[in-house]
Amino acid sequence: MNNRERIEFRRIGRLAEFPRGLGREVRIADRHVAVFRTTNDGLFALENRTPHPKGGPLAEGMVSGHYVYCPLRDWKIDLRDGQVQEPDSGRVRTYPVTVEGDEVLIGLSIEPA
């Protein structure tokens, strides 16, 4: 984030709408985001596109611990930082997530006008 950007949190749903161990695509502004809730209730948000040159949706991937496995190429991606694990390489954009009460919010970088 540069000095001109700021983070704005936007509501994306209630906690109960995000089942444990699964991903769900949400569209917010012009972004397609995959939101994952781990079995120990961690919430993570990543761009809903694998870093593979041919792309593919991440929200349909299998969650194991704090990793998601790309449903098309089985790439292992760390939910915490978006880093693809070796022997593959790449990174997926991540977004901050917070819970207020039972509302899930995602942080988006907003450039001032």
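Tutor: Start with burial: buried means under 20% relative accessible area, exposed means over 50%, and partly exposed lies in between, with a 1.4 Å probe and protein chains only. This is a predicted model, where local features need pLDDT of at least 70, side-chain atom pairs count only at pLDDT 80 or more, and totals for chains, interfaces and linings use all residues. Residues are numbered from 1 along each chain as its sequence is written, and side-chain values use heavy atoms, with hydrogens and water left out.

Student: Why is arginine 37 called buried?

Tutor: Its relative accessible area is 8%. The cut-off is under 20%, so arginine 37 counts as buried.

Student: What makes aspartate 41 partly exposed?

Tutor: Aspartate 41 has 38% relative accessibility. That value falls between the 20% and 50% limits, so the label is partly exposed.

Student: How do you know that arginine 37 and aspartate 41 form a salt bridge?

Tutor: A salt bridge is a side-chain nitrogen of Lys or Arg within 4 Å of a carboxyl oxygen of Asp or Glu. Here the closest N and O atoms are 2.8 Å apart. The pair therefore qualifies.

Student: How many salt bridges does a search of the whole structure find?

Tutor: The search finds 10. One of them joins aspartate 102 and arginine 14, with the closest N and O atoms 2.9 Å apart.

Student: Why is aspartate 78 called buried?

Tutor: Its relative accessible area is 5%. That is under 20%, so the label holds. The side chain of aspartate 78 also meets that of arginine 80 in a salt bridge, at 2.8 Å from N to O.

Student: Which residues do salt bridges with shared partners join into one network?

Tutor: Arg11, Arg14, Asp102 and Glu103.

Student: How do you know that strand S6 (residues 67-69) pairs with S7?

Tutor: Two strands pair if DSSP finds at least two bridges between them. S6 and S7 have 3 bridges, so they pair, and they run antiparallel. Valine 68 stands opposite isoleucine 77 in S7.

Student: What makes S5 and S7 edge strands?

Tutor: The open sheet has 3 strands in the order S5-S6-S7. Strand S5 (62-64) and strand S7 (76-78) each pair on one side only.

Methods. Helix = DSSP H or I, 4+ residues; strand = E, 2+ residues; numbered from the N terminus.
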